[in-house]
Each structure stands twice: as C-alpha cells, then as structure tokens.
Amino acid sequence: MLIVNRLKNMIAKIKVENIYNHIRLTFIAVCMALLFFGCERDANVDVPLSKAKLVMRSFISPTDSVIAVDIFASQPLFNSSQQNNKFDTAAAQVFISNGSVEFTLIYNSTKRQFQINVLQAFPVTAGQTYFLRATHPSYDAVDASCTVPVSTIDNVKATVDITDPYEVFADVSFFDIAGQKNYYRVHAQNVWIPDFGYFGVDTVVYADFLLSINNFYSDEGNDGKEIKSKLLNYYSYHPGDSTDIYVLNVDENYYRFHRSVFTTGGGDPFSEATPAYSNINNGVGIFAAYTQFRKRVFWYYFRIIKFIFAKKIK
C-alpha cells in the first residue's frame, strides 16, 4: 500500500507541474503577443523622389530615308505626378553628328518627333560612328553614340509554309560574317499586294509575324557558322499575299536593348523585373544602328498548288 500511495503522490505532483508549466507558457505567449501588438506602428517614411530624366530613342540605318528621334520624360518611381502629360516636346532641341559635321533635327508636330532627311541632308554610312544629343530647358542634357555595322547579310535563304488556313511559318537561314563580333535580328511581315501587283506597286503591310526572343542572335561560339530561325504568324489569306523576310545586322546596343525588353519579367509574374538596357548618358533610352537585307517570298500561288495536290491525294 505504501508503494501505491507513493506512486499516486508522484502522479499527482507531475500533473500539477504540467498544469503549472502549461499556465506559465500560456502566460508568456499572451505577453509576447501583447508586446508585439503594442509595438505595431504606422510607418511614415519620407521616400526621396527621384528626378525625372530625358528619354531619347532612335534607330538609324543606311536604308532608312529619315532619321527619327523620340524625346519624352521618364516617370520616376514613387512620383505620382503626371509629368509626362505636361512634357513640352517642342521645347527640346536634338542634334546629330558624324564627328565632323553636326545637324539640327526638325520637330515634326504631327508625329511628335524630331527628324532629318537621310538622303538629302545627312546620309548614314556603314562603319561610321554617330553622336546624338538632346537638350531641354527643364531637364539635364543627354547624349549617346553608336556605330553602324559594316556589313549587310545577303546570303539569306527563306521559305514559307502554310500548315492550316491561319498559320504561316517562315524558315530563314544565313551564314554569320566570320572574323568579327556580330549580332542579328530576324523579322518578317506579311504583305498584301493589291491586284496581284509586284514590286512596282505600292504594298500594304498586313501583319507582323509574332516575335519571340529567338529572333535575336549573337555569333558568340558560332563564328562563320550557319544561323537558322523559324518564325510563326497567325494570318487569314488574301489574294497576292507574300512575306517580307528581314535579316538585320545590328550593333550591340540594338541587341542588348531588345533582349532586355523581351526578357523583362521573364513571363513569370513572380520573377524579378529586369531593367531595360540604356546607352543614354544622363538619361534613359536607346540610340542604336543596323543594316538590313530584305527578301520577298510570294506564297499565294504555292498555297493554291498545295491545295490542288491535297485534293488529288484525297
């Protein structure tokens, strides 16, 4: 009996200690919760407003008839003012130079951009470095430079295939220019030529091919090798349809800017955004150059022949 009584006393003591520990832990938890709750405060932090900058954007090429420059103001983070809506574009001045001669670009109020005629006033030459600068009474002056690629790709092979009534595939291949660092862009446009006209008739651009990041290429590790590109467009057919294939030899600024634009966010809503590449000093934007080769592929008649053969096979 003595042993049984001792066991009962020990069990009772353990129960009391467990209850005590439970109460003590509960009390501590409540106190901690009250402590943290009491420390909660609305934080009023003055975030310094960043200064708006001039944005300058222009792409130049020997094949273009006009040099066009867009000028506007950036919208700083944490600044809710509608500064861009009040930006006076006409108050800016834009200048372009080839290192020897500098020209002032004329403001086009209709397009709200600054322009200069390439063919008549300021020719763009392959291999030449150009300097672009802009001033505005309300912003810091900005400037940038770029060099037009020396070579133009002309060994382009292109075929167009129709897989169903709304899909057009373009297969493009060309060889990299060996012995130098190169960057490329492959692009395509479907065009409608009225009344089955040819190159002498004005064309109407109907639809751009869908763009993907694979349309931009670097020859790093592929010097002198063949580069292949496949483009896709969803399209409804019209008589006289054809596709213009463009292969651009671009400078590094052009390549890095477009790559950064197409990879911003990475398509994942939870990924960290990547800032767009900029080569504008004291501002933001892009000034880049390219040369281009265009090849027109007529495929409307190919579609008819393919349709006839498909009917015969059936």
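What percentage of contacts in the chain between residues at least 6 apart in sequence join residues at least 24 apart? The share is 69%, where a contact means heavy atoms within 4.5 Å. The structure is a predicted model, in which local features need pLDDT of at least 70 and side-chain atom pairs count only at pLDDT 80 or more, while totals for chains, interfaces and linings use all residues. Residues are numbered from 1 along each chain as its sequence is written, and side-chain values use heavy atoms, with hydrogens and water left out.

**Overall composition**

- The chain holds three helices and 16 strands; these are DSSP runs numbered from the N terminus, with helices (H or I) of at least four residues and strands (E) of at least two.
- Of its 314 residues, 36% count as buried; buried means under 20% relative accessible area, exposed means over 50%, and partly exposed lies in between, with a 1.4 Å probe and protein chains only.

**Nonpolar cores**

- The largest nonpolar core has 29 residues; such a core is a set of buried Ala, Val, Leu, Ile, Met, Phe, Trp, Tyr and Cys residues joined through side-chain atoms within 4.5 Å.
- Met 56, Ile 60, Ile 67, Val 69, Ile 71 and Phe 287 have the most contacts inside this core.
- Two or more residues of this core come from each of β1 (54-60), β2 (66-73), β3 (93-97), β6 (113-117), β7 (129-136), β8 (139-147) and β16 (284-298).
- Another core, of 21 residues, lies apart from the largest one and includes Val 156, Ala 170, Ala 188 and Val 297.
- Leaving aside residues up to four places away in sequence, Phe 287 touches several residues, among them Ser 58, Ile 60, Ile 96, Leu 132, Cys 146, Asn 253 and Ile 280.

**The open sheet**

- Four strands make up an open sheet in the order β4-β3-β7-β8, with antiparallel pairing; two strands pair if DSSP finds at least two bridges between them.
- Strands β4 and β8 stand at the edges with a single partner strand each, so one side of each has no neighbour in the sheet.
- From one strand to the next the twist averages 20°, based on axes that are lines fitted to C-alpha atoms (for helices over the stretch in contact), with angles from 0 to 180 degrees between N-to-C directions.
- Five bridges connect β3 and β7 in the antiparallel sense, and Ile 96 stands opposite Leu 132 in β7.

**Pairing of β16**

- Strands β1 and β16 run parallel and are joined by six bridges; Met 56 stands opposite Gly 285 in β16.
- Strand β15 (residues 241-250) pairs with β16 in the antiparallel sense over nine bridges, and Tyr 290 in β16 is the bridge partner of Val 250.

**Strand β14 and its partner**

- Strand β10 (residues 167-175) runs antiparallel to β14 and is joined to it by nine bridges; Lys 228 in β14 is the bridge partner of Ser 173.

**Aromatic residues**

- Nine aromatic pairs are found in the whole structure; rings of Phe, Tyr and Trp (its six-membered ring) pair if their centres lie within 6.5 Å, and planes under 30 degrees apart count as stacked, over 60 as edge-to-face and the rest as tilted.
- Phe 103 and Phe 122 form an edge-to-face pair, because their ring centres are 5.3 Å apart and their planes lie at 70°.
- This pair links distant parts of the chain, 19 residues apart, with Phe 103 in strand β4 (residues 102-104) and Phe 122 in the loop between β6 and β7.
- Phe 103 is partly exposed at 29% relative accessibility, whereas Phe 122 is buried with a relative accessible area of 2%.
- One aromatic cluster is formed by Phe 59, Tyr 254, Phe 257 and Tyr 290.
- Arg 133 lies over the face of Phe 95, at 4.1 Å from the ring centre; a charge sits over a ring if NZ of Lys or CZ of Arg is within 6 Å of the ring centre and within 35 degrees of the ring normal.
- Trp 299, in the loop between β16 and α3 (300-313), is buried with a relative accessible area of 1%.
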